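Here is a short briefing to read alongside your structure.

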Amino acid sequence: MLTDALSIAIAELEEEQVAGLVKERLDSGISPLEIVNSLQQGMAEAGSRFETGEYFLGELIMCGEIMQDSMVILEPLLIGSNAEYKGSIVMGTVKGDIHDLGKNIVVMLLKGSGYNVIDLGVDVSKEKFIEAIKESNAPLVGMSVLLTGCQESMKETIEAIRAAGLNTKVLIGGNYIDDIVKDYVGADYSAQAATDGIKVADEIFSV
Amino acid sequence: MNEKEMLYQKRLERYMTAMDCGKPDMVPVAFGVGEWITKYTGTTLQEIYYDLDKSNNVVSEMLPGLDFDIFKGGPALWWPPMFDAMGSKLYKFPGMGVDENSTFQFNEQEYMKADDYDEFIASPTEWLVNHYLPNISTELENPGSYRSTVALIKGAAAFAMQGGIMAAAWGKWTMENGIVGQGTGFTKAPFDTLGDALRGMKGVLLDLRRRPEKVLAACDAITPHNVNCGLAGAGADTRFPCFAPLHRGAYPFLNPKQWDTFYWPSLKATIEGMWAKGKRMLFYAEGDWTPYLEKIAELPDKSIIFQIDTTDAKKAKKILGGRFCLQGGVPTTLLTYGTPEKVKEHIKRTFDELACDGGFILDTGGVVMGDAKKENAIAMIEAARKYGIY
């Protein structure tokens with residue numbers, strides 16, 4: 001149960017109220033990190049409302065938009081504070097596919113949950129995935145695909161990651177993703193709903 | 001009547017009977033030659049998209065010997081030169097923006113801004129010509145200029161050329177193979193016109209909270225255009241349904257209240273408007289529409305063919321069956337990851353569950369892309385004939 005007014009406001013998607021509270025708290029000297037924490041708690045609540053069927057994608061996207069608008073103000077102020085990420089995750093839509101709605105929702109939810117997300121965008125080559133994983137040392141990579149015709153390039157990407165000797169866990173998601181596809185492409189996890197990504201990340205990073 | 005004409009009549013009757021929820025001599029089968037064909041012809045997808053003759057020849061070679069009823073068309077949905085002539089930003093085509101063997105994709109942006117609502121609502125067509133075309137095409141940026149005028153003429157000429165070439169190809173396929181085309185005309189749900197093409201997914205979803213009354217007014221303004229689009233695009237034909245790919249009404253984009261308020265009324269009005277003129281809609285429900293089946297059942301009997309993609313098929317049969325023809329039954333991924341044996345087993349089961357009392361057309365659930373295997377596609381047709389006799 002949320003008690004903080006800012007957490008409640010973002011969970012209830014009250015855009016103007018959130019903007020007002022963020023400004024008010026900054027003015028009164030509350031640390032930006034604490035404000036981000038309140039926002040994150042509200043976002044987590046929105047995520048669980050999505051899971052129980054109370055919220056739909058429209059609400060999740062709205063919540064992400066409010067978070068993003070708040071972060072435009074808060075992020076520059078966080079520099080130098082002791083903000084600690086729960087961990088790094090590489091994300092991207094695989095080569096050949098330019099759909100990013102699903103990926104963007106998951107990125108937004110993961111960021112909102114305190115992860116450092118390296119978002120590679122769309123139509124991402126296997127080389128780019130590998131480079132980003134090596135650079136960030138991320139234990140988890142998320143791959144998105146909508147077009148069934150691009151599932152093959154997902155398989156190639158995962159094979160290339162393995163061939164490069166990386167044991168990063170691979171999470172896949174997209175409308176036509178199921179366990180058959182997961183096994184075919186050689187992924188470790190598959191996500192059916194937007195909030196599944198957080199569950200997988202929490203499982204991996206809690207170890 | 002020659003042999004092919006007789007075959008055409010038989011298949012036509014099968015299709016018409018199923019569309020009216022009746023029980024033909026056997027379950028009608030719909031089939032399209034998808035992008036998967038390029039794996040077997042030694043061509044790139046780019047060649048298939050840009051060279052209509054090449055693409056049509058591939059189809060002409062494939063069709064003889066295949067026994068199905070309803071033809072859904074060849075591998076290339078669009079002819080890119082029309083878009084290229086206008087410098088269109090709307091699509092990425094194979095070899096142009098994506099890899100030569102990657103499929104075409106829609107480049108979704110907020111081509112219409114939130115501030116544009118009032119002008120759009122006042123006169124949609126005028127706004128499209130004055131603002132939308134310049135926004136989506138580099139060659140049309142300055143309306144009335146020499147460059148823009150030439151590009152418009154070129155684009156329109158390409159559209160007409162494609163129409164002529166494709167009409168000739170369909171004529172040939174029909175005459176030589178006795179197959180029946182699936183539909184005539186094209187339309188969309190007004191909310192999808194707004195959400196897909198104009199405001200974009202994110203834009204329209206945020207509008208639902210920030211300016212809901214504008215969304216409603218825009219959908220109302222679009223509705224008569226979409227009714228007319230479905231009717232006029234088909235000429236005078238009302239025998240065949242008009243194709244309507246439906247997007248944002250799928251679960252879980254909108255919450256039930258939003259669906260009831262913003263998605264459904266204008267789509268329902270579009271369907272009823274066409275049905276008043278005798279025109280049916282192929283309600284191509286991409287994704288999962290299970291939560292909305294009860295609402296869809298409010299439509300006039302037989303006014304749609306309901307396409308089952310990832311909707312719960314048994315529920316669709318229970319709620320819509322008998323009053324609306326259902327089409328689908330084969331998951332698209334089964335054609336990729338299955339085997340001919342698995343496909344056959346699945347079709348036998350599907351017929352038991354969905355086809356029993358008629359009003360059913362066997363088809364793949366969604367659009368079949370380059371990943372499907374030819375042997376599975378053929379197995380689908382063969383199994384349909386083996387198990388599909390009533």
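Strand 3 (residues 91-94) of chain B and strand 5 (residues 105-106) of chain B are joined by 2 bridges and run antiparallel. Two strands count as paired if DSSP finds at least two bridges between them, and helices (H or I, at least four residues) and strands (E, at least two) are DSSP runs, numbered from the N terminus. This is a predicted model, in which local features need pLDDT of at least 70 and side-chain atom pairs count only at pLDDT 80 or more, while totals for chains, interfaces and linings use all residues. Residues are numbered from 1 along each chain as its sequence is written, and chains are lettered from A and ligands numbered from 1 in the order in which they are written.

**Strand pairing in chain B**

- Elsewhere in chain B, an open sheet of 3 strands has the order 1-2-6, with parallel pairing. Its edge strands are strand 1 (30-31) and strand 6 (180-181) of chain B, each pairing on one side only.
- Strand 1 of chain B is linked to strand 2 (residues 70-71) of chain B by 2 bridges, and B:Phe31 stands opposite B:Phe71.

**Helix 16 of chain B**

- Which residues of helix 16 (residues 340-355) of chain B are buried? They are B:Val343, B:Ile347, B:Thr350, B:Phe351, B:Leu354 and B:Ala355. These residues lie on the same side of helix 16 of chain B because they cover an arc of only 100° around the axis; the arc is that of the directions from the helix axis to the C-beta atoms.
- A residue is buried if 20 or more other C-beta atoms lie within 10 Å of its own, exposed if 12 or fewer, and partly exposed in between, with C-beta atoms placed from the backbone.
- B:Glu341, B:Arg349 and B:Asp352 are exposed on the other side of helix 16 of chain B.
- The cover over the buried residues includes helix 14 (313-320), strand 10 (325-330), helix 15 (334-337), strand 11 (360-364) and helix 17 (374-387) of chain B.

**Where the two chains meet**

- Chain B puts 27 residues into the contact and chain A puts in 22 residues. Two residues are in contact if their C-beta atoms, placed from the backbone, lie within 7 Å.
- On the chain B side, helix 10 (200-210) and helix 15 each supply at least two residues. Helix 10 of chain B provides the largest share, 6 residues.
- That side of chain B has 10 nonpolar, 11 polar and 6 charged residues. In this scheme Ala, Val, Leu, Ile, Met, Phe, Trp, Tyr, Cys and Pro count as nonpolar, Asp, Glu, Lys and Arg as charged, and the others, Gly among them, as polar.

**Domains of chain A**

- The domain assignment, which is automatic or from a database, gives domain 1 (5-78) and domain 2 (88-206) of chain A.
- The C-alpha centres of domain 1 and domain 2 of chain A are 25 Å apart. Their contact takes 11 residues from domain 1 and 9 residues from domain 2.
- Helix 3 (32-51) and helix 4 (57-78) of chain A each give at least two residues to the domain 1 side, and helix 3 of chain A gives the most, with 6 residues.

**Backbone details**

- Most residues other than glycine have a negative phi, and most peptide bonds are trans.
- A:Leu13 has a positive phi, near 65°, and sits in the loop between helix 1 (5-11) and helix 2 (15-27) of chain A.
- Phi of A:Asn137 is positive too, near 60°. Is A:Asn137 buried or exposed? A:Asn137 is exposed, because 11 other C-beta atoms lie within 10 Å.
- The peptide bond from B:Tyr251 to B:Pro252 is cis, with omega near 0°. B:Pro252 is in the loop between strand 7 (242-246) and helix 12 (256-275) of chain B.
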